[in-house]
Amino acid sequence: VMTHAVLDRLQTASDPKASRALVVQELQAAKATASAGFEAAFLDNPRHARALITAQAALTDVLVQVTLAAAMRLHPLANPTEAERIAVLGVGGYGRAEMAPQSDVDLLFLTPWKITPWAESVIETMLYMLWDLKLKVGHSSRTVKDCVRLGREDITIRTALLEHRFICGHAPLAEELDGKLWGELFKN
């Protein structure tokens, strides 16, 4: 529902910068309302924070999903190729769906092959919107092959990838990564 409302508002914007501002305005209001609810729930029952940690991650999921949808609307493709697909995954604590109110949002932007100019534009637009929402975003842009290679070389990357979760975008790409990670990197 929120995605449709935000995308409908994009029709009224005059340029990309104004479009981004409209998206951020809508999401900021939704984020503020949700955060106030989370705070009230915590004050009512501070010993039961597990649900709030999960709810914070779910709120972040919606913010990421809407920014991807908006960025793809702002960077349309007339004839998309196989290379112009993107999946957005959460990694680390966000990948586990465990977030405190000020947690970092660690994102993996996954593409099938080398990042295309279109994917670069979509990622950049998303990041600007997420930063404007005052989220602390850590991010990497990689291919499935890069993830496996870098995971073999660096224990920090391997650990972050262990806790990955598909958020939005092209699901088959995320499934391919999952299969490769468990089949080639984590099998031992």
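Predicted model: local features only at pLDDT ≥ 70, side-chain atom pairs only at ≥ 80, totals over all residues.
On the α2 side the contact involves Ser 19, Arg 20, Val 23, Leu 27, Lys 31, Ala 34, Ser 35, Phe 38, Ala 41 and Phe 42. These residues meet Leu 52, Ala 55, Gln 56, Leu 59, Leu 63, Val 66, Thr 67, Ala 70 and Leu 74 of α3.

Gln 56 belongs to helix α3, which covers residues 50–74. Its relative accessibility is 9%, so Gln 56 counts as buried. Leaving aside residues up to four places away in sequence, Gln 56 touches Phe 38, Met 99, Ala 100 and Pro 101. Among these, Phe 38 is one of the α2 residues that meet α3.

The side chains of Asp 61 and Arg 165 meet at 2.9 Å, N to O. Asp 61 lies in α3 and Arg 165 in strand β4 (residues 165–169), so the pair ties together parts that are 104 residues apart in sequence. Asp 61 is buried, its relative accessible area being 13%.

The structure holds nine salt bridges in total. One of them joins Arg 96 to Glu 163, with the closest N and O atoms 2.8 Å apart. Arg 96 is in the loop between α4 (92–95) and β2 (105–111), and Glu 163 is in the loop between α7 (155–162) and β4, so this pair ties together parts 67 residues apart in sequence. Arg 96 counts as partly exposed at 41% relative accessibility, and Glu 163 also counts as partly exposed, at 25%. A further salt bridge links Glu 184 with Arg 152, and here the closest N and O atoms are 3.8 Å apart. Because Glu 184 lies in helix α8 (residues 171–185) and Arg 152 in helix α6 (residues 144–153), the pair ties together parts that are 32 residues apart in sequence. Both are partly exposed: Glu 184 has a relative accessibility of 34% and Arg 152 one of 48%. Through shared partners, salt bridges join Arg 50, Arg 96, Glu 98 and Glu 163 into one network.

The residues in contact are Cys 147, Leu 150, Gly 151, Arg 152 and Glu 153 in α6, and Ile 155, Ile 157, Arg 158 and Leu 161 in α7.

With α8, helix α6 packs at an angle of about 30 degrees, the axes being 9 Å apart. This makes α6 roughly parallel to α8. The crossing of α6 and α8 is right-handed. From α6, the contact is made by Val 144, Cys 147, Val 148, Gly 151 and Arg 152. From α8, the contributors are Leu 173, Glu 176, Leu 177, Lys 180, Leu 181, Glu 184 and Leu 185.

Helix α5 (residues 117–132) consists of 16 residues. From its first C-alpha to its last it reaches 22 Å, close to the 22 Å expected at 1.5 Å a residue. Its buried residues are Trp 118, Ala 119, Val 122, Ile 123, Thr 125, Met 126, Leu 127, Met 129 and Leu 130. An α-helix has 3.6 residues a turn, so residues three or four places apart point the same way. The elements that cover the buried residues of α5 include α2 (16–44), α3, β1 (87–90), β2 and β3 (137–143). Just after α5, Lys 134 takes a positive phi of about 65 degrees.

Lys 114 is placed in the loop between β2 and α5. With a relative accessible area of 72%, Lys 114 is exposed.

Notes. Residues numbered from 1 in each chain as written. Heavy atoms only, no water. Helix = DSSP H or I, 4+ residues; strand = E, 2+ residues; numbered from the N terminus. Buried < 20%, exposed > 50% of the residue type's maximum accessible area, 1.4 Å probe, protein only. Contact = heavy atoms within 4.5 Å. Salt bridge = Lys/Arg side-chain N within 4 Å of Asp/Glu carboxyl O. Expected span 1.5 Å × (residues − 1). Axes fitted to C-alpha atoms, helices over the stretch in contact; angles between N-to-C directions. Parallel < 35°, antiparallel > 145°, perpendicular 65-115°, else oblique. Left-handed = near helix turned anticlockwise from the far one by under 90°.
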